[in-house]
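I opened the notebook to keep track of what I look up in this structure. Here are my entries, in the order I made them.

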Amino acid sequence: MAEAHQAVGFRPSLTSGTTEVELSAPVLQEIYLSGLRSWKRHLSRFWNDFLTGVFPASPLSWLFLFSAIQLSWFLQLDPSLGLTEKIKELLPDWGGQYHRLRGVLAAALFASCLWGALIFTLHVALRLLLSYHGWLLEPHGAMSSPTKTWLALVRIFSGRHPMLFSYQRSLPRQPVPSVQDTVRKYLESVRPVLSDEDFDWMATLAQEFLRLQASVLQWYLWLKSWWASNYVSDWWEEFVYLRSRNSLMVNSNYYMMDFLYVTPTPVQAARAGNAVHALLLYRYRLNRQEILPTLLMGMRPLCSAQYERIFNTTRVPGVQKDHIRHLRDSRHVAVFHRGRFFRVGTHSQSGLLSPRALEQQFQRILDDPSPACPHEEHLAALTAAPRDMWAQVRRSLKSQAEDALEAVEGAAFFVSLDSEPAGLTREDPAASLDAYAHALLAGRGHDRWYDKSFTLIVFSNGKLGLSVEHSWADCPISGHMWEFTLTTECFQLGYSVDGHCKGHPDPALPQPQRLHWDLPNKIHLSISLALRGAETLSGDIDCHVFPFSHFGKSFIKRCHLSSDSFIQVALQLAHFRDRGQFCLTYESTMTRLFLEGRTETVRSCTREACNFVRAMEDKEKTDPQCLALFRMAVDKHQALLKAAMCGQGFDRHLFALYIVSQFLHLQSPFLDQVHSEQWQLATSQIPVQQTHLFDVYNYPDYVSSGGGFGPVDDHGYGVSYIFMGDDTITFHISSRKSSTKTDSHRLGQHIEDALLDAASLFQEGRQHLKRGCRGPGEDNLGNRCGSLPRHTRGSRVPTPPTNL
């Protein structure tokens, strides 16, 4: 999501204490440290590694094997073929009554060795099986004989009842692609957006890079891929996120919305109590590994490493580089309300506080009439300031208000009790949704602690939202947590008829602790400057959210097309009508098929997509011709998406090559040009991962409405979308108000028109649109579907803005 903004502007700041450094020393040291960090992570979770290390076996299987060996000895059989006797001879002879103990110890040692060998064999076999990606490259609905055989073997070797981290030791490492393939794919991706002259120049730079630098840089990446857990992910976190000096607000955070059409209770404290309790239940299950690992096709596990830092995590600013601080446990949350900070305990001696007890604590904060101290109200604006500025101010703040700062940074997460309502309203549905998105993404600039892994936002009318910092994990991880939270607090915990949490309050609970900040005078000016910058940035963001209810995922599937690819190709048509030109398009996809994999870029503006767009704007082209080109564009996007998921993308490889070149002080005009590109259209699909939690047929309004992120380029768009049930797609669009080239609402209208035009190419689509839309958003958004004007393909040529 927001990663595209960080990826565009990053510039690694690599310094050395000497003027002359041995050519390979810095990069070898960095590769060594990458591996060291990997091993430290394994040692820090020793018990988890033990439990997952024996999977798909279990500790009980050792006892079974030992008992079987003992039984065979009782029956005068020797399954060890004499090895047990040799082990027995090596053990010290304690004599007398301990003679039999030597035999038991020898049998235990033999059982342990045999058990370990069997587990190692299972791990190797499962890792080899999981390295097969042929299933992903096959056409939808078709399954070859090798894939069927692979599925059967995966079932055999996968074991039963896996925990969250059970598959971690069996996941393959992300491969380093061929540098020749990477350069070829890159040139293919930029061909639609470059003139012939510019493309020839870029191709010349690419050939020079392959001839002079590529082999050296590739060798270091190959070395790192063998030593560290992942050849790119730790550098991605460090250089794209932690070394970025930009404000986290808008640039690095993203938001998640509540249910779109319903609010389970209008009582703010009650909604906060249930939501916080549900989040802590999720943390409890996470700590016990009771969350099931995500499986594609019900068989292929994804990496779960990113789940470890959801809670008790904060991003600590540094002058040159931030670092992520993660605590093993935290038994309180930090709460912000009307400019004041509170520490609210979440546990008593008997365990986690009930939702009703938490509601009581939040209500005490809402009823507290005490005013904010001078400058305390705007203190959190510092977390939205440039990182080097915040790092310097934080040093002074820590020396003067260490306890208060530790209470916030050491909290399980941050809670903001907003004084204003938010969410969809009948009076002005479109504007209310836009304001809701803006409040989640940027707020007022001083009412979120952007350093925390996430901030739970509870509005005065009971609406919820989430603001998530991006460096510690990607959107599917926080999305998984958010789906659990919404369904648990609404359906499992529930509310009484008067809107309060179920249960009884606890009068014996101590009052929430008000945090006191002894703010030195020298940081008052810094707070004012940070607030001014945050308010300017917040005021410049144009958010637009709309549910598209003419059709959804079910219709696209009936057309035998990929839902995501359908949207991506339609977005190309919409953007062309908006800007009158093609541009580089960033779509994020996951690489969690590999150990510690994060994301890869899919460049959706392909030659095939451009051919389709030109045909749609050409009155001479017939619908069958456009349909054929549309299918070709969808198929091309699907091929790129699957290749990226299989580790055969090229953007992360180019990024890693660029980092190595900086360590080696090798100048590469090709790599410099690659990393100076601007992404005027950044897109992301928000996946619904736990469909079993949502009953879209009986409760169609109780579905997640997704989230969004800020624009990547000052003159570009950020677009995210989520398939809500089978018949609705919700879009989240952002851009800069200061740009004369962009308008989020204008692009939203083009997206609706493009989707309708694409659907009308299909006979079933024409029939579907004639019947009219019947989506859950129809009544709630002023019958939006029936009032939209239809765009007739080819009836008008897009008029680009005059300043293009």
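Predicted model: local features only at pLDDT ≥ 70, side-chain atom pairs only at ≥ 80, totals over all residues.

**Entry 1: serine 704.** I began with one residue. Serine 704 has a relative accessibility of 8%, so I log it as buried, the cut-off being under 20%. I then looked up where the residue sits, and found serine 704 in the loop that runs between β17 (681-685) and β18 (707-709). Its side chain reaches the backbone nitrogen of glycine 706, at 3.4 Å. Leaving out residues up to four places away in sequence, I found that serine 704 touches Phe259, Phe694, Ile722 and Met724.

**Entry 2: the whole chain.** Next I stepped back for the totals. I count 29 helices and 20 strands in the protein chain. The chain has 804 residues, and 59% of them count as buried. I also checked the contacts with a separation of 6 or more: 80% of them join residues 24 or more positions apart. The chain exposes about 33300 Å², and 56% of that comes from carbon and sulfur atoms.

**Entry 3: cysteines.** How many disulfides does the structure hold? I found 0 disulfides. I looked at cysteine 610, which is in no disulfide; its nearest cysteine sulfur belongs to cysteine 605, 3.7 Å away. The cut-off for a disulfide is 2.5 Å between the sulfur atoms. Is cysteine 610 buried or exposed? Cysteine 610 has 2% relative accessibility, so I put it down as buried. I checked cysteine 646 too, and with a relative accessible area of 7% it is buried.

**Entry 4: α15 and α16.** I turned to a pair of helices. For helix α15 (residues 387-400) and helix α16 (residues 402-409), the axes come within 5 Å and cross at roughly 115°. I therefore note α15 as roughly perpendicular to α16. On the α15 side I listed Arg394, Leu397, Lys398 and Gln400, which meet Glu402, Leu405 and Glu409 of α16.

**Entry 5: two leucines.** I looked up leucine 629 in helix α23 (residues 623-645). With a relative accessible area of 22%, leucine 629 is partly exposed. I noted methionine 616 as well: leucine 629 is 13 residues from it in sequence, and the two are 9.5 Å apart in space, C-alpha to C-alpha. Not counting residues up to four places away in sequence, leucine 629 touches Glu608, Asn611, Phe612 and Ala615.

Then I looked up leucine 210, which lies in helix α10 (residues 196-212). Leucine 210 counts as partly exposed, at 22% relative accessibility. Which residues is leucine 210 in contact with, leaving aside its neighbours within four places in sequence? I found Val179, Gln180 and Val183. Valine 179 is 31 residues from leucine 210 in sequence, and the C-alpha to C-alpha distance is 7.9 Å.

**Entry 6: α12.** My last stop was helix α12 (residues 233-242). How many of its residues are buried? I get 10 of 10, and the helix is mostly covered. Among the buried residues of α12 I wrote down Trp235, Trp236, Phe239 and Tyr241, along with Asp234, Glu237 and Glu238.

Methods: Residues numbered from 1 in each chain as written. Heavy atoms only, no water. Helix = DSSP H or I, 4+ residues; strand = E, 2+ residues; numbered from the N terminus. Buried < 20%, exposed > 50% of the residue type's maximum accessible area, 1.4 Å probe, protein only. Contact = heavy atoms within 4.5 Å. Areas by Shrake-Rupley, 256 points an atom, 1.4 Å probe, with all protein chains shown as cover. Polar contact = N/O pair within 3.5 Å; in protein donor to acceptor, adjacent residues only side chain to side chain. Axes fitted to C-alpha atoms, helices over the stretch in contact; angles between N-to-C directions. Parallel < 35°, antiparallel > 145°, perpendicular 65-115°, else oblique.
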